[in-house]
Amino acid sequence: MQTTHSLLMIRPTRFSFNQDTAGNNSFQRPAGLAEDVQAKALEEFDGYVAALREQGVQVLVHEDGAAPHTPDSIFPNNCWSSHPDGTLVLYPMQGRNRRLERFKGVLAHLHEHYQVARTLDLTPLEQEQTFLEGTGSMVLDRQQRICYAGYSSRTHARALDQWVDHLGYELCAFHARDRHGVPIYHTNVMMSVGSRLAVACLQSLDVAQERAALRQRLESSGKQVLPLTWAQLKSFAGNMLEVHNRAGEPLLVMSRTAWRSLDAQQRQLIERHVQPLPVNIDTIERIGGGSARCMLAEIYLPERQPQLEHSR
């Protein structure tokens with residue numbers, strides 16, 4: 001199944017600008033003087049959760065701990081991913097303070113409430129300065145088992161090869177760069193793949209052969225491609241995620257910044273396939289440099305069945 005109706009989100013405790021990741025994330029912007037970033041982030045986060053739940057999406061909220069300080073905890077999809085066969089994957093992170101997110105209770109919660117059949121731990125690659133930041137680095141077509149990935153300082157070929165080898169995916173890799181020729185830090189900033197629709201900033205692939213190959217692979221896998229402009233890329237229009245509600249109805253989650261950047265024809269195309277769900281996360285986007293998709297960790301693990309007491 002390409003999408004899930006079960007998501008995990010991390011409610012922030014000390015959300016702030018992360019200096020540790022700002023070097024290669026051009027989307028981050030420092031907070032203004034005397035700006036109460038934490039209060040604004042909490043308001044936006046709670047509104048986001050409410051919007052998903054109102055549409056019938058199951059959202060598990062994990063409260064972040066104050067210590068150690070991990071300003072990017074709100075973006076949990078980079079640290080781990082889960083898969084329907086019970087596989088839990090742990091990822092090698094470039095940002096040092098991001099590695100601390102593993103020890104703040106989320107993984108223990110997953111093991112307690114879901115059936116984890118095996119854990120693929122790629123975190124030792126950090127010692128070799130080799131990184132792969134989860135479903136930020138990779139955009140997955142789970143139906144066709146295709147892994148789309150743009151190489152960057154956070155997405156390394158060796159780690160990708162290990163991942164597709166273990167999970168049994170086909171790799172479609174390329175080089176995506178911004179208008180200044182700098183590699184885009186995460187693939188999920190420039191593209192999204194749903195059940196029938198793919199959104200991608202094809203202009204960011206400056207090698208014509210790679211650009212044509214990406215489009216051809218998307219179309220041959222049954223996706224209609226919605227191309228994005230540079231301005232829409234900068235507005236996080238690539239950072240969308242398709243989910244479904246309890247009734248099985250598809251929703252395409254995005255920020256209101258992303259939705260507002262789309263023209264009428266693009267919006268109509270989306271609405272032919274899914275129901276759009278724009279949410280206000282203006283502060284989180286600006287300070288954190290991540291958007292709606294980054295805040296959602298998809299849960300594909302089977303739930304544990306409650307243990308029944310045996311009667312005597």
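Contact here means heavy atoms within 4.5 Å, and helices (H or I, at least four residues) and strands (E, at least two) are DSSP runs numbered from the N terminus. You are looking at a predicted model, where local features need pLDDT of at least 70, side-chain atom pairs count only at pLDDT 80 or more, and totals for chains, interfaces and linings use all residues. Residues are numbered from 1 along each chain as its sequence is written, and side-chain values use heavy atoms, with hydrogens and water left out.

**Stop one: the sheet.** Select β3, β4 and β5, which form an open sheet in that order with mixed pairing (two strands pair if DSSP finds at least two bridges between them). β3 (80–82) and β5 (118–121) are the edge strands; each has a single partner, so one side of each lacks a neighbour in the sheet. From one strand to the next, the twist averages 15°. Now show Trp80, which stands opposite Leu90 in β4; β3 and β4 (residues 87–90) are antiparallel over three bridges.

**Stop two: the helices.** Angles run from 0 to 180 degrees between N-to-C directions, using axes fitted to C-alpha atoms, for helices over the stretch in contact. Then bring in α5 (residues 157–167), which lies across β4 and β5 at about 165° to β5.
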